[in-house]
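Please find below a short note on the model under review.

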Amino acid sequence: MHIASVDIWRALAGGALIGAGSATLLLLNGRIAGVSGILGNLVRGVSGDQGWRIAFIAGLSLPAWFCGVHVTLLPRDWSLSIIAGLLVGIGTQLGSGCTSGHGVCGLANLSLRSLVATLTFMSAAAATVFVVRHGVGS
Amino acid sequence: MKFLAALIAGVLFGSGLLISGMLDPANVLGFLDFFGQWRPQLALVMGGAIVVAAPAFMLIRRRGRNAFGETTELPDRRRIDAPLLLGATVFGLGWGLVGICPGPGIALLATRDARAFLFVGAMLAAMLLTYLLRERLVRHQPA
C-alpha cells in the first residue's frame, strides 16, 4: 500500500468538486447528477427537456478535452473494452445507477437502497479485479 | 439559464474527475484491488463528494423546491429488489474489467483512444437495448 500525500489532497479536492457539481445540478436544476441515468434518458430520446442533459454531459467532458488526459487505458485488448461497455450499460440501467448516482448522490441522500447498490457493485468490481490479477492462471 | 446551470455543474463534476485521479484506470483498478497493492485514496473522492453534496440534499428535502422555485422531489425508491442487485453486480463486473465507469468513460473520449470510443459506444447501445427489452417484458407481463 502506498499513498503519496499529494494523492490524498487531489482525491479530496477532486471529490469536493464532484460533490459541488452534484449540489449545483440539484439546487439549480432540481436534478440528480447520476451519469448513467442522464445518459440512459438521452439515448432513449425522452421527449423534451433534453437540453440540460446534453449541457451536463458536455460540461463533464470539457475539462478533459481542455487540459488533456494522460492516462493509459487498460487492457490492451479492444474486445474487452466492448464487453466492459456492454456490462456497464446493462448493469447501470437495470440497477438504476452507477458510481455517481448511487455512490455519490444516493449516499448523500442517505438512501439505504443506494448503499446496498454501492456495496454490491464495489464487491463485484473488486472480485473481478481479484480474479483478473490474482486468479487461477495469472 | 438551466442549460447554463447544467453546463457549469458538468464542468465542476468533470474537473473533479480529472483532478481526483478517477480518469486513470490504473488508479481505479488499484483502488479495487483490495488484496494486492491496494490504493485506498479513491475512497476519499467518494467521501469528499458525499460530504459536499449532502447539505444540498438536506436543503432540497426541507424546501421541496429548487433555486427557480420549482417543486423538486428527491428519489424515494426504497425497494432493494432483484433488478437492483443484479444490475449493480453486472455493472461491477464491467467496471472491474477496465476500471472505467460511465462518467470517466465520457471524459476519457478526450484521449481519442479507440478503446474509449468502443467502451462508450457499447455502453450507450446496451443502455438503449436494456431499456427496450425491459419495456417489452413489462408490457407483456400480466398485471
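**Notes on chain B and on one helix pair of chain A**

1. Buried residues account for 52% of the 143 residues in chain B; a residue is buried if 20 or more other C-beta atoms, placed from the backbone, lie within 10 Å of its own. The model is predicted, with local features needing pLDDT of at least 70 and side-chain atom pairs counting only at pLDDT 80 or more, while totals for chains, interfaces and linings use all residues. Residues are numbered from 1 along each chain as its sequence is written, and chains are lettered from A and ligands numbered from 1 in the order in which they are written.

2. Chain B has six helices and zero strands, in the order α-α-α-α-α-α along the sequence. Helices (H or I, at least four residues) and strands (E, at least two) are DSSP runs, numbered from the N terminus.

3. The C-alpha trace of chain B spans about 45 × 40 × 30 Å along its principal axes.

4. In chain A, helix α5 (residues 99–108) and helix α6 (residues 112–134) pack at an angle of about 150°, their axes 8 Å apart. Axes are lines fitted to C-alpha atoms, for helices over the stretch in contact, and angles run from 0 to 180 degrees between N-to-C directions. α5(A) and α6(A) are therefore roughly antiparallel to each other (angles over 145 degrees).

5. A:H102, A:G103, A:G106 and A:L107 of α5(A) meet A:S114, A:L115, A:A117 and A:T118 of α6(A), contact requiring C-beta atoms, placed from the backbone, within 7 Å.

Terms used: Buried ≥ 20, exposed ≤ 12 C-beta atoms within 10 Å, placed from the backbone. Parallel < 35°, antiparallel > 145°, perpendicular 65-115°, else oblique. Contact = placed C-beta atoms within 7 Å.
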